[in-house]
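Please keep the sequence and the coordinates open while reading.

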Amino acid sequence: GVRLVSVLAATVTAILLVRIGRQMNAPLVGFTAGLVFIASPMASRYAQEARPYALVTCMATASTLALLQACQTPWRRRRWVVYALMLSATALFNVLGLNIVFVHAIHVLTSAKGQIRRVWAITLTGTLLVLMPFVIGTVTQRGQVSWLTVPPWTELRRFFFTEYQPWKLVVFILLAAVLLRPMGTHREALSLGFAWAVVPPTVLWLVSQVHPLFAMRYVVIS
């Protein structure tokens, strides 16, 4: 029964990725993202386990869609509330899921206008303040991951090769997505996807050089 929750979460994640593509007027990119997600052995693995990582991935994806919708209609406060709730849910399932915030920051700073940036910053600050007691509480329990050591560069490389296996299929799908339609029509969506794939694991790896926290399952959200 608990495993079924993970299966459903992974299924919803794939659907949300397709929806994100449509939200960004790049349905082909969204469809491609769904295929890449399904092809990922890491995603398939945690879709079968009675652990929260598929749920974290689903919530991180939902928060990204909520952000895109809020940025499109920034005057609708309800959408910013939904974004805050999705982000909070991501943190509650696993606080390291908040790495998705770095992806959101890159997207907002590179594609949104000044007013939208301010509203996003206010929403994010309020959300993090509400989550602060929970975050502090998790920091005090760092002993639960005391077995983790400072990860070498090869550990980050291993994550990318594992997450995006079979890598030849991934490259083929991405090339097809670019060649089948002019790059300029979906550059923003591809940029979001690239940041999403690279930034969270890289940030966690860098942080782990000081405070070891890096484990591949903690960045399966990518």
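Arg45, Glu49 and Arg51 are joined by salt bridges into a network, a salt bridge being a side-chain nitrogen of Lys or Arg within 4 Å of a carboxyl oxygen of Asp or Glu. The contact of Glu49 with Arg45 has an N to O distance of 3.0 Å, and the contact of Glu49 with Arg51 has one of 3.5 Å. Glu49 is buried at a relative accessible area of 17%, whereas Arg45 is partly exposed at 42% and Arg51 is partly exposed at 33%. In these terms buried means under 20% relative accessible area, exposed means over 50%, and partly exposed lies in between, with a 1.4 Å probe and protein chains only.

This is a predicted model: local features need pLDDT of at least 70 and side-chain atom pairs count only at pLDDT 80 or more, while totals for chains, interfaces and linings use all residues. Residues are numbered from 1 along each chain as its sequence is written, and side-chain values use heavy atoms, with hydrogens and water left out.

The structure holds 3 salt bridges. One of them pairs Arg158 with Glu155, with the closest N and O atoms 2.9 Å apart. Both residues belong to helix H8 (residues 153–163), and because they are 3 residues apart there, about one helical turn separates them. An α-helix has 3.6 residues a turn, so residues three or four places apart point the same way. Arg158 is partly exposed, at 44% relative accessibility.

What is the secondary structure of the chain? The chain has 10 helices and 0 strands, where helices (H or I, at least four residues) and strands (E, at least two) are DSSP runs numbered from the N terminus. Along the sequence the pattern reads α-α-α-α-α-α-α-α-α-α. Of the 222 residues in the chain, 46% are buried.

Helix H4 covers residues 53–72, and its 20 residues should span 28 Å at 1.5 Å a residue. The expected span is 1.5 Å times one less than the number of residues. The end C-alpha atoms of H4 are 29 Å apart, which agrees with that span. Helix H4 is largely enclosed by the rest of the structure, because 17 of its 20 residues are buried. Ala70 lies in H4 and is buried, with 0% relative accessibility. From Ala70 to Tyr83 there are 13 residues in sequence, and their C-alpha atoms are 7.4 Å apart in space.

Ile116 and Pro74 are 42 residues apart in sequence, with 6.4 Å from C-alpha to C-alpha. Ile116 is buried at 12% relative accessibility.

Next come the cavities. On a 1 Å grid over the protein atoms alone, a cavity is a set of points where a 1.4 Å probe fits but cannot get out, and lining residues have an atom within 4 Å of a point. Residues that line the largest cavity include Ala10, Thr13, Phe37, Tyr46, Tyr53, Thr57 and Val220. The elements giving two or more residues to this lining are H1, helix H3 (41–46) and H4.

On the surface, Leu4, Val7 and Leu8 form a nonpolar patch, with about 270 Å² of accessible area together. Patches are made of residues with over 30% relative accessible area and no salt bridge; like charges are joined within 9 Å and nonpolar side chains (Val, Leu, Ile, Met, Phe, Trp, Tyr) within 5 Å. Accessible areas come from the Shrake-Rupley method with a 1.4 Å probe, and for residues only the protein chains shown count as cover. Val7 lies in helix H1 (residues 2–23) and is partly exposed, at 38% relative accessibility.

The last topic is the backbone. Asn25 is found in the loop between H1 and helix H2 (27–39). The phi of Asn25 is near 60 degrees, a positive value in a residue other than glycine. Most residues other than glycine have a negative phi. Asn25 is exposed, with a relative accessible area of 56%.

Key:
On a 1 Å grid over the protein atoms alone, a cavity is a set of points where a 1.4 Å probe fits but cannot get out, and a pocket is an open set with protein on both sides within 12 Å along at least five of seven lines; lining residues have an atom within 4 Å of a point.
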